[in-house]
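Take a look first, then read on.

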Amino acid sequence: MHAAELAAEDDFEGWRNAARSLASADTPPGEIDWRVSGASGDLLAMAGEAAPAAPVAGTPFPVPRAFVALAEDVICHSDPQRFALLYAMLLRLKQGQASMQDHADPALRRLETLAKEVRRDIHKMRAFLRFREVAEGDDVRFVAWFEPAHHIVRRNARFFVDRFASMRWTILTPELSLDWNGETLSEAPGATRADAPDGDPLEETWKTYYASIFNPARVKIGAMLKEMPKKYWKNMPETALVPGLIAGARARELEMVDKSRREIGGNAAAAWDALREEAAGCTRCPLYKPATQTVFGEGRVDAPLMFVGEQPGDQEDLAGRPFVGPAGRMFDQALELAGIDRATAYVTNAVKHFKYEQRGKRRIHSKPDGAEIEACKWWIEQEREIIRPKLTIALGATAARSLLGRVVTISGTRGTPHRLADGGEAWVTVHPSFLLRIQDRTEADAEFKRFVGDLRRAGERLAELVG
């Protein structure tokens, strides 16, 4: 048994030196006891059953740069198995049993997840750490308290030195503290929340500023809590204002909308033109590269009814308009039978670029994935903000996922109303292309009639909403 002792929880250099030495001799992962100096380790190993790891002579071997970068992040994680996990992957890479390109490899995926969590914690510290002014005689020092989830304080030190180079500051955390005197960065033992100041004269000014810039029209509580979990609130002065600001957000939003309508008037068409022009240069996901053009929505900008499809097809991609191919013709036929005039509605797609596979001279439709739907969701939200439809019909599961914000099935959501985050109402039905793929004629006719029935009921519901 080999004992590899590291100087600290985030001792990347120590881990790398020990790992290279042990891997060069093909030491099995199960024969290494990874320890951190000063930390309590395995009692049996501490009793003398593990010998300190000594430099081992072996053949040098190359290490992929991608692995080194990954290891630098993973070492900072709080998972006690991280050293062993990294070493096992390093040994597999050396022996040709793994590749940094094989993202389906469970071991690599686990390491990438750990690295992602570390990078997120680094971001949280930069975003949510708040300095408070403390008088030191005739001088001042700025002190902050933060509780990281992982060992990322040293990794973040350079950021704060560069960002606040002219300030004298101290960052207190449970694990260790950082002190910058304007010239030199030093470390100190960890602290407690009681060691940090509660407030300073600048906080009231900051709270006033925060309240004045708070935009109620953009409040999305779920997204806010995901980005700024409540665990950070107690150390941020502005968060004391959030509950009250949220409580009044809807009233302020309605006031802002009413004011904008009175002052700006019928500016929806100009806003839509600007949005369409902006979308023409969209590069939010890779789908823009092979596509001919962005296929934006079309129709009345004051339409009470909006249709959202999946994505443009081959003919839509060439024409630059939604629903003009075979599925579009079936869609128009169904609308006519349902008593809905397409000219009174707004028609668009959840994804604005054509995703396809090239097979000879043909371009075969390929289903958008979750990332592509999410990237394009921004455009749908902007379209809805301008048009504000009373009722939206999602044509297919992709459109339903975009509107409802989750993966759903047509069978589980069809035929019932769904309340959307912006206050509108949505109904779900099949996409016309689904009908084109049905081979059995009897089944196809039955499904088409059911589709027409869905549209007719939606039209009746719209009449109720419009009043």
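Before we start: two strands pair if DSSP finds at least two bridges between them, and helices (H or I, at least four residues) and strands (E, at least two) are DSSP runs, numbered from the N terminus. This is a predicted model, so local features need pLDDT of at least 70 and side-chain atom pairs count only at pLDDT 80 or more, while totals for chains, interfaces and linings use all residues. Residues are numbered from 1 along each chain as its sequence is written, and side-chain values use heavy atoms, with hydrogens and water left out.

Q: How many helices and strands does the chain have?
A: Those DSSP runs are the units counted here. The tally for the chain is 18 helices and 16 strands.

Q: What share of the chain's residues count as buried?
A: Buried means under 20% relative accessible area, exposed over 50%, and partly exposed in between (1.4 Å probe, protein chains only). The chain has 467 residues, and the share that count as buried is 45%.

Q: In what order do the strands of the six-stranded open sheet come?
A: The pairing in this sheet is mixed. Strand 9 (298-299) and strand 15 (418-419) stand at the edges with a single partner strand each, so one side of each has no neighbour in the sheet. Reading across, the order is 9-11-10-14-16-15.

Q: Which residues does Leu-455 touch, not counting residues up to four places away in sequence?
A: Contact means heavy atoms within 4.5 Å. Leu-455 is one of the core residues that touch the most other members. Its partners are Phe-307, Ala-334, Leu-335, Ala-338, Ile-340 and Ile-393.

Q: How many residues are in the second, separate core?
A: Among its members are Leu-6, Val-36, Leu-91 and Leu-111. The total for this core is 31 residues.

Q: Which residue in strand 2 stands opposite Ala-3?
A: Strand 1 (residues 2-6) and strand 2 (residues 32-36) pair in the parallel sense over five bridges. Together with helix 1 (residues 12-24), they make a right-handed β-α-β unit. Right-handed here means that, with the strands pointing away from the viewer, the path from the first strand over the helix to the second runs clockwise. Opposite Ala-3 stands Asp-33.

Q: Which strands stand at the edges of the five-stranded open sheet?
A: This sheet has the order 4-5-6-7-8, with mixed pairing. Each edge strand has a single partner, so one side of each is left without a neighbour in the sheet. They are strand 4 (131-136) and strand 8 (185-189).

Q: Which residue in strand 8 stands opposite Ser-177?
A: Strand 7 (residues 176-180) and strand 8 run antiparallel and are joined by five bridges. The residue opposite Ser-177 is Ala-188.

Q: Is Phe-323 buried or exposed?
A: Phe-323 lies in the loop between helix 12 (314-319) and helix 13 (326-338). Its phi is near 55°, a positive value in a residue other than glycine. With a relative accessibility of 5%, Phe-323 counts as buried.

Q: What is the relative accessible area of Arg-388?
A: Arg-388 sits in the loop between helix 14 and strand 14. It has a positive phi of about 50° although it is not a glycine. Arg-388 is partly exposed, at 34%.

Key:
Core = buried A, V, L, I, M, F, W, Y, C linked by side-chain atoms within 4.5 Å.
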